[in-house]
Each structure stands twice: as structure tokens, then as C-alpha cells.
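Work through the exercises below with the sequence and the model in view, and try each task before reading its solution.

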Amino acid sequence: MDDGSLPLVELYTDGACSGNPGPGGWAYILKHPSSGSEKEGSGGERATTNNRMELLAVIRGLEALSKPTRVELYSDSQYVLNGLKEWMASWKQRGWKTASKQPVKNQDLWMQLDELMGVHSLRFHWVRGHNDHPENERADRLAVAARDRAGR
């Protein structure tokens, strides 16, 4: 299917963690530019890492889409964006091992993202965190609230 025929959404994601590991939260905001509608989601875990929360935010946002979609992904996580754009293909070729032959950290989540990337067409945008980007700031507030709930 031609990318241009797929519906377009903007996906803003963020993760938060107190301690690494510690209680963590993730959040996403999906914006549909054509209709102006939005959807958001968040959740948390009692004992996790910041990187896992950043990855889960993207996974949950993509899972919220009901059909194949063109996704403009906005994240402040270089780990997530570099993993998706550059590292994942090499990890897969090496049987989910790093260049130094170590197991890829968070492999379970990277494998979920790999599956979701087979369904959706993604373009990646880095957003500087805590820099007054409205959707990034909102995703951060949602992730922090989810982290705080998970820590109680």
C-alpha cells in the first residue's frame, strides 16, 4: 500500500522514572490532523527503568491505532529514536545482539516495536525535552502522574 493512502496521525510520547530502576510512567498523545481529534493514554509500573517507559509509550500509542497508519512520531528520547532508525535492523541481523555480542537490553519491547513498524509507516522527530513544546510537556505531565500513581 502506498504511504500516501494511509491516514496520518501525530504521536507524542514520553516516559518518566524516579530512580533507575524505580517507579515509572509512560504516556502518549495521538493527534489526528484531518479531524482535529485527540486521544491520550498513560500507565505505569512499580519497578522499571526510564528507557522501558519511553519504549512503552511508543508501543501503547501505536497499539491504540485501529488500522495501518502514517505516524509522525515525536519523542525526546534519543534512545528510542536511534533504536528505531538505526540500531534495530542491525540487532535483528545479529539475533538481537549488540555489536559487542551482548543481548539487547529491553529486547521484549524492541521486538514489539519491530512488529508494530511492520503495520504502520513511521517518521521520526526529536523534540528537546522540557523546552516548552506543548504536546511534549503534556505527555511529560501525564507520564509523571502515572509514575506517581505507580509509586504509591
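**Exercise 1.** Leaving aside its neighbours within four places in sequence, which residues is Leu-62 in contact with?

*Solution.* Begin with the kind of model, which is a predicted one, and note that the chain averages a pLDDT of 95, with 99% of the residues scoring at least 70. Next, search around Leu-62 for heavy atoms within 4.5 Å, passing over the neighbours within four places in sequence; the search gives Leu-11, Val-71, Leu-113, Leu-116, His-120 and Leu-122.

**Exercise 2.** Find which elements supply the largest nonpolar core, and which of them gives the largest share.

*Solution.* The largest nonpolar core has 28 residues, and Leu-62 is among those with the most contacts inside it, together with Val-71, Leu-73, Trp-110 and Leu-113. Going through the elements, one finds that β1, β2, α1, β4, α2 and α3 each supply at least two residues of this core. The largest share, seven residues, comes from α1. A second, separate core of nine residues includes Tyr-12, Ala-27, Tyr-74 and Ala-143.

**Exercise 3.** Describe helix α4 by its span, its buried residues and the strands they pack against.

*Solution.* First, count 18 residues in α4, which reaches 26 Å from its first C-alpha to its last, close to the 26 Å expected at 1.5 Å a residue. Second, apply the cut-off of under 20% relative accessible area, by which the buried residues of α4 include Glu-135, Leu-142, Ala-143 and Arg-147. Third, follow the contacts of the buried residues of α4, which pack against β1, β2 and β3.

Technical notes
Residues are numbered from 1 along each chain as its sequence is written. This is a predicted model: local features need pLDDT of at least 70, side-chain atom pairs count only at pLDDT 80 or more; totals for chains, interfaces and linings use all residues. Side-chain values use heavy atoms; hydrogens and water are left out. pLDDT is the predictor's confidence in each residue, from 0 to 100. Helices (H or I, at least four residues) and strands (E, at least two) are DSSP runs, numbered from the N terminus. The expected span of a helix is 1.5 Å times one less than its number of residues. Buried means under 20% relative accessible area, exposed over 50%, partly exposed in between (1.4 Å probe, protein chains only). A nonpolar core is a set of buried Ala, Val, Leu, Ile, Met, Phe, Trp, Tyr and Cys residues joined through side-chain atoms within 4.5 Å.
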